[in-house]
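Dear colleague,

Please find below the structure that I am handing over to you.

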Amino acid sequence: MFFGPFREPIGSFVSLDVQDLSNSNGLSLESNSSQESLEVRVGKNISIPCPVLAGVIKLDGTFKASYWSYCVSSICTSTETKWLWLTGMNSHGATKVTNEGRYANRINLIHNGTLEINNVQVADATDYRCTVQRINFTSPRVYFVTLVVNASVLPTITKRSRDKVTVVEGNVLYLFCEAEGYPKPLVTWRKNGKFLQSSINETDFIIHHASKRDAGNYECKVSNSVGIVSYTVEVTILKDDKDDKTLTTTDTILLAFGVSLLVVLIAVPVVVYMYRKNKKRRLYIEV
């Protein structure tokens, strides 16, 4: 069965005829080629239609073969552009796809001529060509499409703190917010809606000596050109019980003075009593 050439020779390029595709759907029966540009995000799937196939069937009632190829040259609009066969279909609807290279197990061809590329990679960004060979062997109808692969990736938070964090006053408050994405996301911290810090590299938030005023609701917002994700954490600061048992310098002085005064108040009467008692004893002995 014929599925179109598996590798097209250099110089097989058909000159472009760029049209307003919004009206013609990429098909011109007066011209043999048309071109469009599609964009897809990396990792997604895309379906690329071949509108000239329907046009040929409408014109001739059938077709000989329809096949897709892709540009492997640095310039895809030259007469020396090299195209490699990707997948093909004959007039009986039998299809064949490549099982080699980076497209292996990622390509599918639907009977209406649509090319499906799964799990799009950055390297898939190039020109693709759908060629429909007519049964009467006249010039084929050709449809070109440029695939633009957007490598941007929505940010995701990969490491974060719990929803509620409790810290004893005087200890370290450490909030995590690590993220991935492309372009590299910006991480912004806010407390009760008030801006605290923003950075691409230093993404965690740290307070080395937490105090009561550091309690509140903290938000980590991660953003890049694709989108925004965020999470919030409620921080509670507990009073350090050891502070209640620790005396200040003033308290220590006052306590020492009080103890000393108590000792004096107790000791003086005892000394006076002992002195008087000893004095009476001496007087009694002398008599």
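Rings of Phe, Tyr and Trp, the last taken by its six-membered ring, count as a pair if their centres lie within 6.5 Å. Please note that the model is a predicted one.

By that criterion, ring pairs join Trp189, Phe205, Tyr218 and Tyr231 into a cluster. Within this model there are eight aromatic pairs. One of them is formed by Tyr70 and Tyr103, with ring centres 4.7 Å apart and planes at 55°, so the pair is tilted. Tyr70 belongs to strand S3 (residues 65-71), whereas Tyr103 lies in the loop between strand S5 (95-97) and strand S6 (107-109); the pair thus links distant parts of the chain, 33 residues apart. Tyr70 and Tyr103 are both buried.

For Trp189 and Phe205, the ring centres are 6.0 Å apart and the planes stand at 35°, so this pair is tilted. Trp189 is in strand S14 (residues 186-191) and Phe205 in strand S16 (residues 205-207), so the pair ties together parts 16 residues apart in sequence. Trp189 and Phe205 are both buried.

Strand S14 also takes part in an open sheet of five strands, ordered S11-S18-S17-S14-S15 with mixed pairing. The edges are held by strand S11 (164-168) and strand S15 (194-199); each has a single partner strand, so one side of each lacks a neighbour in the sheet. S14 and strand S17 (residues 216-223) run antiparallel and are joined by six bridges. Val187 stands opposite Val222 in S17.

Finally, the charged end of Arg129 sits over the ring of Trp83, 4.7 Å from its centre.

With kind regards

Notes. Residues numbered from 1 in each chain as written. Predicted model: local features only at pLDDT ≥ 70, side-chain atom pairs only at ≥ 80, totals over all residues. Heavy atoms only, no water. Phe/Tyr/Trp six-rings, centres within 6.5 Å; stacked < 30°, edge-to-face > 60°. Helix = DSSP H or I, 4+ residues; strand = E, 2+ residues; numbered from the N terminus. Buried < 20%, exposed > 50% of the residue type's maximum accessible area, 1.4 Å probe, protein only. Lys NZ or Arg CZ within 6 Å of the ring centre and 35° of its normal. Pairing = 2+ DSSP bridges.
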